[in-house]
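Work through the exercises below with the sequence and the model in view, and try each task before you read its solution.

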Amino acid sequence: MEEAKGAPVQELIDTVSKISSISDYRCTVRKEYCNLARRLKLLIPMFEEIRDSKEPIPEESLKALVSLKEALESAKELLRFGSEGSKIFMVLEREQVVSKFHEVTANLEQALSGISFEKLDITDEVKEQVELVLSQFRRAKGRADATDAELYEDLVSLYNKSTDAATDPAVLRRLAEKLQLMQIDDLTQESLALHEMVTASSADPGESIEKMSMLLKKIKDFVQTENPDLTATHGKSLPSSCSGQISTDGNHKSPVIPDDFRCPISLELMNDPVIVSTGQTYERSCIEKWLEAGHGTCPKTQQTLSSQALTPNYVLRSLIAQWCESNGIEPPKRPSSSRPSKTASSCSPAERTNIEILLNKLRSGSHEDQRNAAGEIRLLAKRNADNRVAIAEAGAIPLLVNLLATPDSRTQEHAVTALLNLSICEDNKSSIINSGAVPGIVYVLKRGSMEARENAAATLFSLSVVDENKVTIGASGAIPPLVTLLSEGTQRGKKDAATALFNLCIYQGNKGKAVRAGVVPTLMRLLTEPGGGMVDEALAILAILASHPEGKAAIGSSEAVPVLVEVIGNGSPRNRENAAAVLVHLCAGDQHHLAEAQELGVMGPLVDLAQNGTDRGKRKAAQLLERMGRFIEQQQQQQALVQAQAQAQAQAQPQAHTHTHTHTESPHTQLSTLMNAVDG
């Protein structure tokens, strides 16, 4: 019986949890929809107490819960449309949208009213909370916020114009700004939302949706004309320093996927991001379907593609994996593609013969032949993909690995750089790892020339995009020499080391190794070096390490709070976000850091970040402001208690002077006096 009761109640909890994960409602419905979602979240304690109760649910209440489940499903679809639906539709069809909202609200109120709360085994506090929600639903029936009359009139006038009719640019600008359609990303999402409506109408959209699509085209043409250099943000290949990671928050159930990590076509988290010839990034399967349909342009920029080659975006894939790991989400699996992978090179017989000659020189005992051959293979591997495949097929990788330990520094440099160039080919990564190259690469990282060390770090980064290789490389002792290079290398060497460390520390087991290797003091120095140019990289790595206990302790003991507060106030959007993420971890359960941040004036910058930062930056700022608020409240309570104690002592002293003998109060009397003073 308990299982029969628990299943439907758990479904209610799951539905409300899904509702809680919906966010970023369209501006025209934001207030009503946010209120609705907030009220529905308040029902979760009731559902949990019913689920955990040993008492059976009365029949009429069970029927009401079934009705409530249906009403919640309708509410979920309504809220999802409010988050993902067409902005233009919501303004032009405001009456229809409001009518649906009232219908859903009425169904929720009716279902809740059918539950006999007095017959359920739930606490009085939960009953009061549900009754409050019920009264709010009743007040919300038939009530709607005023619409933006100017926005509606502008849209209607444009909607009713003929296609060729001239349109006032001021009207288009107002529409683009009020509808928040000023970026390519926003315009693309609006286009997709209208496309979804076409799909839902069984490919018979009707005149109204067609006219809305034409209206959107006018706005898009205006925006692109006004901003000819405008490009989408989330299609760019991100540098490793601009990580999008979100640290784990115990109370944040469904993290919002950063736009950077969504495919512009599907708007889903990318598993296999690839770059097209225009420089834009897409999910491989989505862009392949686009190309197979006969399109020869980039979906986002509409530029003609110079080729249909797809290049894996390794950096973005690593950033996505790190974000997933930070949020407790299963990282995207590297696709085991069913399409035939390119295992054969299209090199000519003459080119293959030349490669074989070079390999024979690598095998010779002549140091000069080995140096020259390694140098030529380095250049050939850099030139194109066909060469990389042919060189690996000919058996060059084990021979190059053997040269990593050569005493000739120039040969060593050629060998490690050739391996770097060969590792660009996906299939070659496993061949390099399987040939036992990692210890040799680490040896070069420790002992080689500066250029060889830089290229060794870059090779480790390239190999570490494969998740299992992160473990292998971390266990090989690579992290301490990477930290050394980060500290003492050239600018390029520092960048290469930071990129490799960032990628390796995505794996939890490598974070402690990096901390024990002394990376935190080095990162703190790079953060404060004037003109050092490593702030982005340093903050990105600190944001990863802060989620590890050893990382948090090391950052906390390195006087990081003043630097973090400074960045939150004056840094770039991504750096402010990362600095806030680090501070969230430092202040978790540590009032010392909270007090220090408060004294340094962090409240103002946090309020600004909560209003104007990136999506993740806003969330981190909100968390810090909440903790800061609780901390200030505790401080005020302690001060009030101290003041009350002082008052009580001051009142007791005159009384003591009026007596000729000493009177000692009992502990109970002292406590009563103190509490009376506090009450007073």
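**Exercise 1: a helix and a buried residue**

In helix α25 (residues 508–516), the residues N510, K511, G512, A514 and V515 are buried, where buried means under 20% relative accessible area with a 1.4 Å probe and protein chains only, and helices are DSSP runs of H or I with at least four residues, numbered from the N terminus. This is a predicted model, in which local features need pLDDT of at least 70 and side-chain atom pairs count only at pLDDT 80 or more, while totals for chains, interfaces and linings use all residues. Residues are numbered from 1 along each chain as its sequence is written, and side-chain values use heavy atoms, with hydrogens and water left out.

Task: find the helix that holds T411, and decide whether T411 is buried or exposed.

Solution: T411 lies in helix α18 (residues 409–422). Its relative accessible area is 1%, so T411 is buried. Leaving out residues up to four places away in sequence, T411 touches H367, Q370, R371, A374, L403 and T406, a contact being heavy atoms within 4.5 Å.

**Exercise 2: two helices**

Task: describe how α18 and helix α21 (residues 450–463) are oriented to each other.

Solution: Begin with the axes, which come within 9 Å and cross at roughly 20°; they are lines fitted to C-alpha atoms over the stretch in contact, with angles from 0 to 180 degrees between N-to-C directions. The helices α18 and α21 are therefore roughly parallel to each other, a term for angles under 35 degrees. The contact includes V416 and L420 of α18 and A452 and A456 of α21.

Key. Buried < 20%, exposed > 50% of the residue type's maximum accessible area, 1.4 Å probe, protein only. Parallel < 35°, antiparallel > 145°, perpendicular 65-115°, else oblique.
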